Amino acid sequence: MEKLAPPFRKIIHVDMDAYYASVAQLDNPELRGKPIAVGGGGDRGVVSAASYEARKFGVKSAMSNVLAKQKCPHIIFVKSDFARYKELTSKIREIFFEYTDLVEPLSLDEAYLDVTENKKGNPSANDIAREIRQRIYDETGLRASAGISINKFIAKVASDINKPNGQKTVHPDEVIQFLEELPVNKFYGVGKVTAAKMYNLGIFVGNDLKQKSLEELKTLFGKSGAHYYNIVRGIHNSPVKPNRIRKSIAAERTFFENISSEVFMLEKLNKIADELEKRMIKSSTKGKTITLKIKYSDFTQQTRSKTRSTFMQTKQEFFPVVKELLYQEKLKNSVRLLGISFGNLNTQKKVPVWVQLKFDF
Ligand SMILES: [Mg+2]
């Protein structure tokens with residue numbers, strides 16, 4: 001059997017299950033187990049996400065609301081809530097960052113992770129994916145699926161296979177066979193038009209595509225020809241590009257009652273600092289700048305910062321700075337929120353390193 005040669009990257013594609021619909025069901029228990037569609041616009045609107053209960057009736061995203069109602073007369077329409085999606089997405093990304101800094105979000109509900117080298121020192125990408133999915137569930141109540149393989153393209157195809165709430169690993173030894181059997185419309189970059197063109201040429205699965213020479217593919221598909229030639233052979237070296245470099249790590253707390261005693265605030269800051277220390281250590285991050293955020297009962301906000309010449313990480317190192325900042329000047333009013341954040345992080349200057357592969361044939 002034909003096999004690829006190592007070294008291999010370990011790429012995970014994490015995809016939230018019916019994200020917007022699941023968030024609506026998470027926040028509104030009365031919607032659980034029911035067919036729902038997210039998206040406004042009434043009769044002129046389109047579905048932006050459908051719950052699995054609605055999908056059973058054939059309701060899909062991008063379908064008109066009218067058609068969705070025809071397919072599933074008792075469907076419940078709910079409004080989207082992007083502030084909430086973003087809040088949950090950032091929670092989920094915090095989990096990713098505990099494993100690797102090489103996180104490339106594709107949208108609010110999907111991301112690639114390169115865990116070839118990871119912060120946990122865990123050699124099994126399959127185990128990491130399972131752990132991440134469990135943590136997402138424990139910390140948000142939402143389900144995710146994952147695909148694991150040697151490149152982004154195969155990982156993405158794989159995350160769909162055992163959806164929802166499942167994962168699929170395409171092991172390096174299985175890659176060639178997996179691609180040979182893969183329908184061409186599942187190939188990255190093959191849309192409806194290209195797929196139709198391929199069908200006309202008798203190309204239905206990867207193996208059919210593989211029978212075409214590089215020259216033939218270039219003549220038929222122009223620039224994309226070489227891309228198809230490569231991906232069907234497991235060659236897709238596009239790195240996981242972290243498009244967001246984390247600039248700060250913060251922890252904050254809003255109080256039920258406004259507080260005005262500084263001693264009491266110090267006590268609260270102590271707890272916030274514990275939380276922040278945990279995050280700093282978990283993500284192997286250090287920072288030089290400490291910012292204290294104070295939100296007053298009249299909703300005005302103040303920040304006070306101090307930068308040290310050396311990196312800090314533990315509470316023992318940074319809490320004296322927090323204390324200084326608190327007592328630095330008199331408080332204007334009673335306080336409803338306190339936060340501490342770390343800036344000037346050691347991770348900012350680090351240029352991500354990824355392994356570029358050459359495959360031998
Ligand atoms: Mg999704």
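This is a predicted model: local features need pLDDT of at least 70, side-chain atom pairs count only at pLDDT 80 or more; totals for chains, interfaces and linings use all residues.
Student: Which elements give two or more residues to the lining of the largest cavity, and which gives the most?

Tutor: Strand E1, helix H4 (82–97) and strand E6 each give two or more residues to that lining, and H4 gives the most, with four residues. Among the lining residues are Val-14, Met-16, Thr-89, Phe-96 and Asp-109. By class, the lining of the largest cavity divides into six nonpolar, two polar and three charged residues.

Student: What volume does the largest pocket have, and how does its lining divide by class?

Tutor: A pocket, in contrast to a cavity, is an open set of points. The largest pocket here has a volume of about 730 Å³, and of the 20 residues that line the largest pocket, Ser-90, Lys-91, Glu-94, Ala-250 and Arg-279 are the closest to its centre. Helix H4, helix H5 (125–140), strand E9 (249–259) and helix H12 (262–282) are the elements that give two or more residues to this lining, with the largest share, six residues, coming from H4. The lining of the largest pocket has four nonpolar, three polar and 13 charged residues.

Student: Where does UniProt place the feature "binding site"?

Tutor: Such a feature comes from a record, and its annotation may be inferred rather than shown by experiment. Here the unreviewed UniProt entry places "binding site" at Asp-15 and Asp-109. These positions span 95 residues in sequence, yet no two of their C-alpha atoms are more than 5.9 Å apart, so they gather at one spot. Of this set, Asp-109 is taken in by the lining of the largest cavity.

Student: Is Asp-15 buried or exposed, and which residues is Asp-15 in contact with, leaving aside its neighbours within four places in sequence?

Tutor: Buried means under 20% relative accessible area, and because Asp-15 has 9% relative accessibility, this residue counts as buried. Asp-15 has its place in strand E1 (residues 11–16), and, once neighbours within four places in sequence are left aside, Asp-15 is in contact with Asp-109, Glu-110, Ala-144, Ser-145, Ser-159 and Lys-163. Asp-109, for its part, is found in the loop between strand E5 (103–107) and strand E6 (110–114), where, not counting residues up to four places away in sequence, Asp-109 touches Val-14, Asp-15, Met-16 and Tyr-19.

Student: Which residues coordinate the magnesium ion, and how are the donor residues spaced in sequence?

Tutor: A site may look incomplete here, since water is not among the atoms. The magnesium ion is coordinated by Asp-15 (OD), Met-16 (O) and Asp-109 (OD), at 2.3 to 2.4 Å, and the spacing of these donor residues in sequence is D-M-x92-D. Asp-15 lies in strand E1 and Asp-109 in the loop between E5 and E6, so the pair ties together parts that are 94 residues apart in sequence.

Student: How many helices and strands does the protein chain have?

Tutor: The protein chain has 13 helices and twelve strands, and 45% of its 361 residues count as buried.

Methods
Residues are numbered from 1 along each chain as its sequence is written. Side-chain values use heavy atoms; hydrogens and water are left out. On a 1 Å grid over the protein atoms alone, a cavity is a set of points where a 1.4 Å probe fits but cannot get out, and a pocket is an open set with protein on both sides within 12 Å along at least five of seven lines; lining residues have an atom within 4 Å of a point. Buried means under 20% relative accessible area, exposed over 50%, partly exposed in between (1.4 Å probe, protein chains only). Contact means heavy atoms within 4.5 Å. Donors are N, O and S atoms within 2.8 Å of the metal (3.2 Å for Na, K and Ca); water is not among the atoms, so sites may look incomplete. Ala, Val, Leu, Ile, Met, Phe, Trp, Tyr, Cys and Pro count as nonpolar, Asp, Glu, Lys and Arg as charged, and the others, Gly among them, as polar. Grid points are joined across faces, edges and corners, and a volume is the space filled by probe spheres set on the points.
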